[in-house]
Amino acid sequence: MNTVKRTVSRAFMARSFGMPPLPYEYSELAPVISAETLSFHYDKHHTGYFNKLTAHAESKRPDLKGKSYEDMVVDQEKFVQNQAGQIYNHDFYWKSMSGTGGGEPTGALAAKIAEDFGSFGEFKSQFQAAVGAHFGSGWVWLVQDKLNKKLAIMQTHDAGTPIADPNLQPIITCDAWEHAFYIDYRNDKPKYAEAYFKIVNWDFAAKNYIA
């Protein structure tokens, strides 16, 4: 298999915001997600949101300099919300996957999934169904309520993100936008949803879980 090296322009890193780096090579998630899909998705879509937000901050919103993406997803300006939300969501999506991922969670997170969904199998079935049936563009999340500690499957549309609600803690996410899967799966979103579980990064998920 040919390894495709990822490149991130140093100019990005010198701007107002840091461009979150892809945490692996483009080929690492293959064959579930091909290097072609990953390079197109990261270089064109994820980076595109970053470039738009940076240009907007430089020309119209210098007050955004130094703010975190978590701050900007609740900004009063919708354009800022959307760009920051998509940057944050994509970064979280990349971290939700790993070339050495898959299988099932262990420890406290595994026990909590079984408690709140009945079993890991039931959770997996519900999550896959949510991704496969998600209408239009958006995201499917496993989230935790910070107040009662319960886990739930949440869908957000377009650039929506659970961190806009201070009481929600995201655990993992799956990108349900068409560009995330069309090169590899065409219009078979349910097949993509099934394959996603072969690369879920349960170590990352466990770090996000609040025991």
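The questions and answers below concern a predicted model.

Colleague: Is Gly 103 buried or exposed?

Modeller: Gly 103 is placed in the loop between α4 (78-95) and α5 (107-117). Exposure is assigned over 50% relative accessible area. The relative accessible area of Gly 103 is 51%, and therefore this residue is exposed.

Colleague: Which residues does Gly 103 contact, leaving aside its neighbours within four places in sequence?

Modeller: The C-alpha atom of Gly 103 is separated by 7.8 Å from that of Val 200, a residue 97 places apart along the chain. With neighbours within four places in sequence left aside, the contacts of Gly 103 are Phe 120, Phe 197 and Trp 202.

Colleague: Why do the buried residues of α5 line one face of the helix?

Modeller: The buried residues of α5 are Leu 109, Lys 112, Ile 113, Asp 116 and Phe 117. Because these buried residues fall within an arc when seen down the axis of α5, they line one face, and that arc is 105°.

Colleague: What covers the buried residues of α5?

Modeller: On the other side of α5, Gly 107 and Glu 115 are exposed. The cover over the buried residues includes α6 (120-133), β1 (138-145), β2 (151-157), β3 (168-175) and α9 (202-208).

Colleague: Which strands stand at the edges of the sheet?

Modeller: The open sheet consists of 3 strands in the order β2-β1-β3, with antiparallel pairing. Each edge strand has a single partner strand, so one side of each is left without a neighbour in the sheet; the edge strands are β2 and β3.

Colleague: Which residue of β3 stands opposite Val 140?

Modeller: β1 and β3 pair in the antiparallel sense over 7 bridges. The residue of β3 that stands opposite Val 140 is Cys 174.

Colleague: At about what angle does α6 run to β1?

Modeller: α6 lies across β1, β2 and β3. Its direction relative to β1 is about 145°.

Colleague: Which peptide bond is cis, with omega near 5°?

Modeller: Most peptide bonds are trans. Pro 31 has its place in the loop between α1 (10-13) and α2 (35-59). The cis bond with omega near 5° runs from Ala 30 to Pro 31.

Colleague: What is the phi of Lys 149?

Modeller: Lys 149 lies in the loop between β1 and β2, and at 28% relative accessibility it counts as partly exposed. Most residues other than glycine have a negative phi. Lys 149, a residue other than glycine, has a positive phi, near 70°.

Methods:
Residues are numbered from 1 along each chain as its sequence is written. This is a predicted model: local features need pLDDT of at least 70, side-chain atom pairs count only at pLDDT 80 or more; totals for chains, interfaces and linings use all residues. Side-chain values use heavy atoms; hydrogens and water are left out. Helices (H or I, at least four residues) and strands (E, at least two) are DSSP runs, numbered from the N terminus. Buried means under 20% relative accessible area, exposed over 50%, partly exposed in between (1.4 Å probe, protein chains only). Contact means heavy atoms within 4.5 Å. The arc is that of the directions from the helix axis to the C-beta atoms. Two strands pair if DSSP finds at least two bridges between them. Axes are lines fitted to C-alpha atoms, for helices over the stretch in contact, and angles run from 0 to 180 degrees between N-to-C directions.
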